[in-house]
Amino acid sequence: MIEIHNIHKSFGGKKVLDGVSGVFETGKTNLLLGASGTGKSVLLKCIVGLIKPDIGSVTFDGTYYTNNKLDIRQEIRRKIGMLFQGSALFDSMNVEENVEFPLKMLTNMSKSERMDRVNFCLSRVGLENANHKMPSEISGGMKKRVGIARAIAPNCTYLFCDEPNSGLDPQTAITIDELIKEITEEYNITTIIVTHDMNSVIEIGDKIMFLYKGKKLWEGNNVEIMDTDIKELNDFIFANRLMRDAKKVEDERAEEEDRVEEERKGETR
Ligand SMILES: Nc1ncnc2c1ncn2[C@@H]1O[C@H](COP(=O)(O)OP(=O)(O)O)[C@@H](O)[C@H]1O
Ligand SMILES: [Mg+2]
């Protein structure tokens, strides 16, 4: 479980995060949702420690991270896997070398142990025969898979993904979302996913935090999100015609159920 307490961050007098607190649960895909420019990536970077918050702190399974001693921070840092926006593979390394890289940096594994782990992770993301391909030779979806394999290779306890399905076609996007969710549940990882994508919300939104102009306006799951009275959240969700239609169908179904229930009561009276 990751907890954030009252995180504030400004850049050059411009407030980006304005006192965000919350909990990200273990074994769940926790979504950080919001429009572009609301501070999602900045919050994720504050959690990972790439940006230092002006005020506030982060704890990982009860241990303070922000401002703690270097060795404690490094210990936590070793348990974090990160899937960067746009995959960020090393272009000069092949698939296998990309996934091996964090094992070389972070573990004392022998070459053969590293290769076993690389092959295990590649097969876990459905990429058995791509070891010697270069990033330029594989599709966007495959790059994301390599990015996921690289993130989980050192047995991460925490997994952070910034817009993991941006730039993918809708079908591949869902496959990648589902892969992250499966891995999260299988290895009981605390996963935080930054997204502005309503498809992700519907598919994998176990726990969602909605950010608006640097503040947390709402949190809940993918069922609850369809039925809130927060204007900013509804404007965001129902900006999309498909979502408005889905909501209309759902409301009509609920009304019909209420009507049938009323009738049934009337008959038994
Ligand atoms: N390193 C930085 N220096 C100055 N401004 C930044 C920096 N990083 C982000 N910002 C600003 O913070 C705001 C939120 O950015 P970001 O967290 O990337 O938004 P998003 O929700 O789209 O991920 C934006 O206005 C952005 O320009
Ligand atoms: Mg971002």
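Helices (H or I, at least four residues) and strands (E, at least two) are taken as DSSP runs and numbered from the N terminus. The structure is a predicted model, in which local features need pLDDT of at least 70 and side-chain atom pairs count only at pLDDT 80 or more, while totals for chains, interfaces and linings use all residues. Residues are numbered from 1 along each chain as its sequence is written, and chains are lettered from A and ligands numbered from 1 in the order in which they are written.

The protein chain contains nine helices and ten strands. Its C-alpha trace spans about 75 × 45 × 35 Å along the principal axes.

The shell around ligand 1 consists of Phe11, Val16, Gly34, Ser36, Gly37, Thr38, Gly39, Lys40, Ser41 and Val42, a residue being near a molecule if its C-beta atom, placed from the backbone, lies within 6 Å of it. Helix H1 (residues 40-48) provides the largest share of this shell, three residues. By class, three residues of the shell are nonpolar, six polar and one charged (nonpolar: Ala, Val, Leu, Ile, Met, Phe, Trp, Tyr, Cys and Pro; charged: Asp, Glu, Lys and Arg; polar: the others, Gly among them).

Helix H3 (residues 95-106) packs against helix H5 (residues 140-152) at an angle of about 30°, with the axes 7 Å apart; axes are lines fitted to C-alpha atoms over the stretch in contact, and angles run from 0 to 180 degrees between N-to-C directions. H3 and H5 are therefore roughly parallel (angles under 35 degrees). In this packing, Val95, Asn98, Val99, Phe101 and Pro102 of H3 meet Val146, Ala149 and Arg150 of H5, contact requiring C-beta atoms, placed from the backbone, within 7 Å. The contact of H3 with H5 comprises six nonpolar, one polar and one charged residues.

Technical notes:
Parallel < 35°, antiparallel > 145°, perpendicular 65-115°, else oblique. Contact = placed C-beta atoms within 7 Å.
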